[in-house]
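Here is a short briefing on one model. Keep the sequence and the 3D view open while reading.

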Amino acid sequence: MHGLLIFITAMSLPFLAKKPLDIPPVVSVELIQIAEKTNIPFAPKAKKIIEKVKDKEKKLVSEQAPPKKVEKTKTKTVLSPDTNNKKIENETPEAIPLPEKTVKKIETKEEKKQNPEKVDEKVKQVSEFEKKDLFDPNNIAALIDKSKEESAEVLKKNKDITQDQNKNIENTGLTLSEEDALKAQIFGCWSIPLGLPYNENLLVRIKLKLKPDGSVTKTEILDHARMNKPGQGFYKVLAESALRAVKLCQPLRVPTSGYERWKELQLNFDAREMLEG
Amino acid sequence: MIKKILFLYLILLPINAFALIEVDITRGNLNPLPVAVSPLSIDENSRLSFKKILDREDIGSEISLIVENNLRTSGLFNPLSKDAFLQAPDIANLKPRFEDWNLIKAQALITGKVSYINDKLRVEFRLWDVLAAKEMMALAFTTVPTNWRRVGHIISDKVYQRLTGEKGYFDTRIIYVAEEGPKTQRIKKLAIMDQDGFNNKFLTLGNELVLTPRFNPTSQIITYLSYFKNMPRVYLLDIETGTQEVVGDFPGMTFAPRFSPNGKKIIMSFAKDGKSDIYTMDLENRIVERITNHPSIDTSPSYSPDGKFITFNSDRSGYQQIYVMRNDGSDVKRISFGNGLYGTPVWSPRGDLIAFTKLHKGKFYIGVMRSDGSGERLLTENYYQEAPSWSPNGRVLIFYRETKTNAKGEGFSAKLWSIDLTGYNERLIKTPTDASDPSWSSLLSN
């Protein structure tokens, strides 16, 4: 009996201990119905609803007096952009609206001065000048890479100096040149999402486990919980871009010696400086 | 004994642990993100049905081309050539071989499927993170088949938002003044098109002169100026129903009507006694309120997105400059101090920047500055260009530029151009006729 119990336990326990299968997270498919017309609510109504919710305790002023309707007129000159729109087809076109008496008159005189939309016509000049250097992705790269090249030059110079110093530095951190080499590499791999706000605290800290050759065995976002919190969409976008940078940069340019020092690394991705630019 | 071991362990523990090395990454590249847009797969029956209805050979490929084109024009993405794709669209949509997509250096992949179900167009799409080898988003849309271009734009918006963290601007329309004929006898019509230049339609016949159409930020209603018996009148036009109404018939000159952010008011300038001031009109009760009262020319008012402030241009300092004031007209502050004249200020929907036209030494510039006047940046320069209008996400500006059509400086042509905030991504927006005074709508679907 005991033997049987032990046998069953021995057989079943490993199964229990087994990790669950690594199934990638399933993203649910969201169904969206697109109407034939746009679904933007008519503004005054929408505004009223918002006000209702916001100022529950306040009296609803906007509800008291229904908007005064000014006579609407359909005109011949207006064509509907939507040819399928039956409403419009059924309606008989009428004459162009005449000035309505309901419209409040404002006394203003003819004025000869300045058109606000046009800056002095006299100064208007024309030429066949057309901007030739339209957008070119390589162009941006060239501009941005300048900084990289510069830092690389400094890095080269530093290398010569710091190599001797390496021996004296305690084995607790990376030397300046080692850090610069790593930074320069990741700068090149990290595509910064340009739509992020620059005035929010967006710092993504990633802990890496590395092999001696610089390949990454494990990445861990230190504030992982923040990723899926509501309202942290920007953080998620930034974190994903940082993870992509690490993946893209593999193997990382790590020092040739002292694996114990850097087998675990923490990278702090902070885009504020760039986005503010 | 156990206590001793524990004690020893505690003493030895710090020796084993190295302090974790931290490296700060504060720079990155702003290169467009390489993305692969696989043609959307389509079964043979659906393909034939859509061919019959829409007269399009392969709607799946065409929708993917819309997405590709949108992403490319944003300047933030680099759609890769389809010739390099190794995986067939239908299989890629089920389970992409990430190694294959990695090989062509794609960092994101878009796949999808189009089908014809119950007389409707159903489009399913998935966005994949190639480097992380996982799905980032999956959505399905159903709509009437004629809406196929909009589906492409909506997919683009979703992808844009998922990858940049910012709302897109592709499912939008642009209203503008279409111009034809010689400069002395110009025919001006109101026209509307999708933001990529397709589905162009004329809204008026060109009998009357139309000027400065502007979208309501909360609906598909526009306001514009038109001349009736040589008198400017402010109109409202509902684009979806075609209903038009006159909001004001003002003696004298009225300029540049524009909606308030909640769509309830119109702000504009009236000229009187050789000066011009800013007024608002409540669209519900038609009450007109005077905002500025100064013996100078105050024009081109534009609200901040929260509605609390108004930016406008005025020559009260002697030259035309940009000012900001509270929405009741108090606390007027000049914000532009550079050389030259400044005009047509427009507040960004994000609230951080004000776009403007600047005239300096015979050249026109479109630029942006912060709402306190700091950080002025000129994005584009030419001999004549003006009237910037923001994309709903505040990243791109559309404006018009006039040029001579031949090398001798003869002829004349006006076209719409867009430029993003980097100042590098400048593009011509194709229109069937000459075009001016563009205004960008808000997103058609949220």
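At what angle do the axes of helix 6 and helix 8 of chain A cross? The model is predicted. In it, the two axes cross at roughly 115° and come within 8 Å.

**Helix 6 and helix 8 of chain A**
- Helix 6 of chain A spans residues 176-189, and helix 8 of chain A spans residues 233-249.
- Angles of 65 to 115 degrees count as roughly perpendicular, so helix 6 and helix 8 of chain A are roughly perpendicular to each other.
- The crossing of helix 6 of chain A past helix 8 of chain A is right-handed.
- Helix 6 of chain A contributes Gln185(A), Ile186(A) and Cys189(A) to the contact, where they meet Ala245(A), Leu248(A) and Cys249(A) of helix 8 of chain A.
- Five residues of this contact are nonpolar, one is polar and none is charged.

**Chain A overall**
- The chain holds ten helices and four strands.
- Read from the N terminus, the order of elements in chain A is α-β-α-α-α-α-α-β-β-α-α-α-β-α.
- Of the 277 residues in chain A, 16% are buried.
- Among contacts in chain A with a separation of 6 or more, 65% join residues 24 or more positions apart.

**Pro432(B)**
- Where is Pro432(B)? This residue sits in the loop between strand 30 (426-429) and strand 31 (434-440) of chain B.
- Is Pro432(B) buried or exposed? Pro432(B) has 12 other C-beta atoms within 10 Å, so it is exposed.
- Pro432(B) and Lys201(B) are 231 residues apart along the chain, and their C-alpha atoms are separated by 9.9 Å.

Technical notes
Residues numbered from 1 in each chain as written. Chains lettered and ligands numbered in written order. Predicted model: local features only at pLDDT ≥ 70, side-chain atom pairs only at ≥ 80, totals over all residues. Axes fitted to C-alpha atoms, helices over the stretch in contact; angles between N-to-C directions. Helix = DSSP H or I, 4+ residues; strand = E, 2+ residues; numbered from the N terminus. Parallel < 35°, antiparallel > 145°, perpendicular 65-115°, else oblique. Left-handed = near helix turned anticlockwise from the far one by under 90°. Contact = placed C-beta atoms within 7 Å. Nonpolar A, V, L, I, M, F, W, Y, C, P; charged D, E, K, R; others polar. Buried ≥ 20, exposed ≤ 12 C-beta atoms within 10 Å, placed from the backbone.
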